[in-house]
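Student: Please go through a protein chain with me by question and answer. I would like each answer to end on the value or name I ask for.

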Amino acid sequence: FTSSMRYPRVDEIAQFNAVDHIWKRGDKFYKLAHEHYGDSKLWWIIPWFNKKPFIADYKFGDVVHIPLSISKIYEYFD
């Protein structure tokens, strides 16, 4: 069984509590997940939320939005 996940609509995104992070040298999704969620295994939330799935999609200085409500993310699973 594979679950699917839909991306939130624009109006739903506006309701997320998120922090902005400026992408810099040495940044990794798992490090940001550990810092903000206390669990590096939740790394996938950050690229999913930003619609940029690969580290190569980010340049130094890019703003990365990090949603803070993990339970709200799970509402988008089918």
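The questions below go from the chain as a whole to single residues.

Tutor: Before we start, note that this is a predicted model, in which local features need pLDDT of at least 70 and side-chain atom pairs count only at pLDDT 80 or more, while totals for chains, interfaces and linings use all residues. Residues are numbered from 1 along each chain as its sequence is written, and side-chain values use heavy atoms, with hydrogens and water left out.

Student: What share of the contacts between residues at least 6 apart in sequence join residues at least 24 apart?

Tutor: Contact means heavy atoms within 4.5 Å. Counting pairs at least 6 apart in sequence, the share that joins residues at least 24 apart is 67%.

Student: What percentage of the 78 residues is buried?

Tutor: Buried means under 20% relative accessible area, exposed over 50%, and partly exposed in between (1.4 Å probe, protein chains only). By that rule, the buried part of the 78 residues is 32%.

Student: Is Phe-49 buried or exposed?

Tutor: Phe-49 is placed in helix 3. Leaving out residues up to four places away in sequence, Phe-49 touches Tyr-7, Ile-13, Phe-16, His-65, Pro-67 and Ile-73. Its relative accessible area is 7%, so Phe-49 is buried.

Student: How far apart are the C-alpha atoms of Gln-15 and Phe-49?

Tutor: Gln-15 lies in the loop between helix 1 (10–13) and strand 1. At 58% relative accessibility, Gln-15 counts as exposed. Along the chain, Gln-15 and Phe-49 are 34 residues apart, and their C-alpha atoms are separated by 13 Å.

Student: Why does Asn-50 count as buried?

Tutor: Asn-50 is found in helix 3 (residues 45–50). Apart from neighbours within four places in sequence, Asn-50 is in contact with Tyr-7, Tyr-58, Val-63, Val-64 and His-65. Asn-50 counts as buried because its relative accessible area is 15%.

Student: What is the phi of Lys-51?

Tutor: Lys-51 lies in the loop between helix 3 and strand 2 (63–67). At 58% relative accessibility, Lys-51 counts as exposed. Although Lys-51 is not a glycine, its phi is positive, at about 55°.

Student: Which residue's side chain makes a polar contact with the side chain of His-21?

Tutor: A polar contact is a pair of N or O atoms within 3.5 Å; within protein, one must be able to donate a hydrogen and the other to accept it, and residues adjacent in sequence count only if both atoms are side-chain atoms. His-21 sits in strand 1 (residues 18–22), and with a relative accessible area of 12% His-21 is buried. Residues that His-21 touches, not counting those up to four places away in sequence, include Leu-32, Val-63 and Ile-66. At 2.6 Å, the side-chain partner in the polar contact is Asp-27.

Student: Which residue has a backbone oxygen 3.1 Å from a polar atom of the Lys-31 side chain?

Tutor: Lys-31 is in helix 2 (residues 29–37). At 40% relative accessibility, Lys-31 counts as partly exposed. The backbone oxygen 3.1 Å from a polar atom of its side chain belongs to Gly-26.

Conventions. Helices (H or I, at least four residues) and strands (E, at least two) are DSSP runs, numbered from the N terminus.
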